[in-house]
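Reader: I'm new to reading protein models. Could you walk me through one, feature by feature?

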Amino acid sequence: MSKQITGLLLLAAICGGLAALCVGHYFAMKFQQKELESYSNYALNYSAKVAKDIFGSIQEAKQSSAEPCSIEDLAKLRTSLWEHKFIKDIGRVIDGRVSCTAEWGVLEDKPTLPEPTSSFPDQSKHWLNTDSVLGLPYQTGMDQDGNVIVFTSPFAFDGLRQPPSDMAVKVLRPENNFIYRSFGAFEIDSDMLVPLPSFAMWLPFPNRYLHYRTCIGPTLCAVGVNKVVGAYELPLSAVLMITGVGVCFGVMLFCPFYIRRMKRHSMIYHLRKAIVRRELSMVYQPKMDLNSKKVIGVESLVRWHSHEFGMVSPDTFIELAERHSLIRPLTQLVIETSLFEMSPLLTKYRDMSLSINLSIQDLFDASLMPFICECSKQNNIRTDQLVFEITERSAGDSHELANIVARYTEQGICISLDDFGTGYSNLAWLGRLNAKEIKVDKSFTQSIGTGSINQTMLDAIFSLVQRLNVRTVFEGVETQEQADYIQRACPNALAQGWLYAKPMIIPQLEAYLSIPKA
Ligand SMILES: Nc1nc2c(ncn2[C@@H]2O[C@H](COP(=O)(O)O[C@H]3[C@@H](O)[C@H](n4cnc5c(=O)[nH]c(N)nc54)O[C@@H]3COP(=O)(O)O)[C@@H](O)[C@H]2O)c(=O)[nH]1
């Protein structure tokens with residue numbers, strides 16, 4: 001495995017692991033928030049039930065018309081005690097002292113009430129977990145309203161399950177922040193309620209808390225805090241498991257890329273082998289003079305029928321060859337084969353030209369021109385019968401290119417600008433390179449009759465070539481309508497396309513050329 005592949009694999013694994021940690025962190029946070037919400041709502045509803053019970057009993061006692069602490073009053077208080085399960089006792093307060101209760105009847109020593117934990121504007125008072133004034137050995141909550149006092153059962157909240165150790169909830173009255181009850185192993189202080197910016201939840205800052213606040217009407221709210229934030233607090237084993245899943249996922253996603261790359265790599269390997277073994281073949285497509293209907297030249301096109309990949313399009317393997325320094329031997333093979341195969345026909349038809357495609361890298365190869373000259377000499381072909389088609393796919397150094405084109409022109413070799421109208425193969429390039437021929441891209445030819453923007457551009461190309469002294473070939477002519485349209489607009493144009501002939505091997509070309517054209 002190459003270093004690059006190992007690096008990419010590592011990157012995919014790291015990205016997968018990190019992505020899984022992020023997803024795990026997000027869902028852990030969501031889960032913890034849900035848990036907090038659920039417990040806060042539960043604690044609030046439970047507390048509301050207790051509060052309703054206490055205040056219900058107070059209201060009933062307040063509405064009683066019986067003389068406080070009379071036998072009738074005590075009887076009513078006792079009934080109330082039976083009906084409200086969360087209260088331990090209910091009594092009357094006269095002059096700040098408990099005078100009687102449902103359980104103890106009229107008290108002889110009438111205990112004085114301590115200072116309340118909270119006093120409210122409506123004169124009601126609350127004592128939070130205070131030593132029993134009735135001399136009982138436990139603490140209890142007390143609520144006084146008017147002359148009624150209620151002792152909350154010390155077991156009132158026994159039915160409520162405690163929150164997990166990382167969560168705390170306090171139930172409060174929002175208008176005066178009176179804390180009715182707190183649940184959890186720690187106290188919620190105001191620092192814990194400071195909300196952090198949402199991005200902070202993704203970072204391992206200390207003291208981050210999840211918050212939740214919920215209310216029942218305007219009088220009772222619950223504020224909850226969860227200290228566990230996302231994956232940072234998960235056990236190591238869980239973090240390792242999540243990361244492991246992410247790494248596997250990253251590696252799995254990498255596989256198709258790797259396989260594609262391997263395939264491409266092996267395509268390069270096989271292409272190199274095919275070039276060395278001269279397994280590439282050539283086909284030839286005629287170029288027609290639209291006026292005389294005569295074949296004035298042929299373009300040679302390379303073909304690769306691979307045992308492993310089947311028929312591979314030149315678009316694919318030429319690009320591969322360009323990227324992997326195989327274009328030089330490939331072009332040399334194309335030139336050698338084309339000139340050798342076409343030699344008899346080019347000798348027979350001396351006016352006919354042979355067009356060969358060059359990659360732009362080929363033009364910059366100083367050894368190519370001597371090679372072409374040598375090959376033409378060996379095959380008895382005049383250099384002025386040769387046309388080299390170049391397509392520019394990148395801007396490149398057009399000044400140097402112009403010099404190279406000039407050197408080819410001096411040798412009588414024609415340089416043709418292929419795919420004219422697309423990419424960098426445009427008017428500016430034509431001006432700089434002084435090319436003798438342009439080949440208008442087939443996308444323009446095929447726009448004829450469509451009324452598309454390309455057709456408008458084609459009309460502009462027509463008027464341009466009329467004014468320039470440059471041979472123009474229209475490629476991709478497939479229908480008579482396209483041929484007629486081109487001929488009307490540009491009578492001296494040349495055409496190439498399936499309307500006349502598809503690319504063919506030498507024996508077929510020989511037969512084709514021997515048929516007199518109308
Ligand atoms: N550097 C080299 N490039 C080469 C060589 N051989 C080919 N090529 C370039 O590969 C591209 C694809 O070529 P190919 O698949 O051979 O297609 C050519 C024709 O078959 C096709 N064509 C011709 N007539 C028609 C038609 O009427 N309709 C239609 N849809 N397609 C048609 O066009 C291609 C010729 O294009 P061009 O070269 O622009 O004239 C292509 O870019 C080749 O240049 C090589 O040896 N070296």
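**Around the ligand**

Author: Let's start with the ligand: the shell around it has 9 nonpolar, 7 polar and 9 charged residues. Here Ala, Val, Leu, Ile, Met, Phe, Trp, Tyr, Cys and Pro count as nonpolar, Asp, Glu, Lys and Arg as charged, and the others, Gly among them, as polar. Keep in mind that this is a predicted model, where local features need pLDDT of at least 70, side-chain atom pairs count only at pLDDT 80 or more, and totals for chains, interfaces and linings use all residues. Numbering starts from 1 along each chain as its sequence is written.

Reader: Which residues come nearest to the ligand?

Author: A residue is near a molecule if its C-beta atom, placed from the backbone, lies within 6 Å of it. Of the 25 residues around this ligand, Val-302, Pro-314, Asn-357, Gly-497 and Trp-498 come nearest. Two or more shell residues come from each of β13 (295–306), α4, β15 (353–358) and β17 (414–420). Those labels are DSSP runs numbered from the N terminus: helices are H or I with at least four residues, strands are E with at least two.

Reader: At what angle do α3 and α4 pack?

Author: Angles run from 0 to 180 degrees between N-to-C directions, with axes fitted to C-alpha atoms, for helices over the stretch in contact. Helix α3 (residues 236–276) and helix α4 (residues 314–323) pack at about 90°, their axes 10 Å apart. They are therefore roughly perpendicular; under 35 degrees would count as roughly parallel, over 145 as roughly antiparallel, 65 to 115 is roughly perpendicular and the rest is oblique. Met-267, Ile-268 and Leu-271 of α3 meet Phe-317, Leu-320 and Ala-321 of α4, where contact means C-beta atoms, placed from the backbone, within 7 Å. The contact residues split into 6 nonpolar, no polar and no charged.

Reader: Why does His-265 count as partly exposed?

Author: A residue is buried with 20 or more other C-beta atoms within 10 Å of its own, exposed with 12 or fewer, and partly exposed in between. His-265 has 14 such neighbours, so it counts as partly exposed. This residue lies in α3, and its C-alpha is 9.5 Å from that of Leu-320, 55 residues apart along the chain.

Reader: In what order do the 4 strands of the open sheet run?

Author: Strands of a sheet pair through backbone hydrogen bonds, either parallel or antiparallel. DSSP must find at least two bridges for a pair. This open sheet has the order β9-β8-β11-β10, with antiparallel pairing. Its edge strands, β9 (178–184) and β10 (210–216), each pair on one side only.

Note on methods
Contact = placed C-beta atoms within 7 Å.
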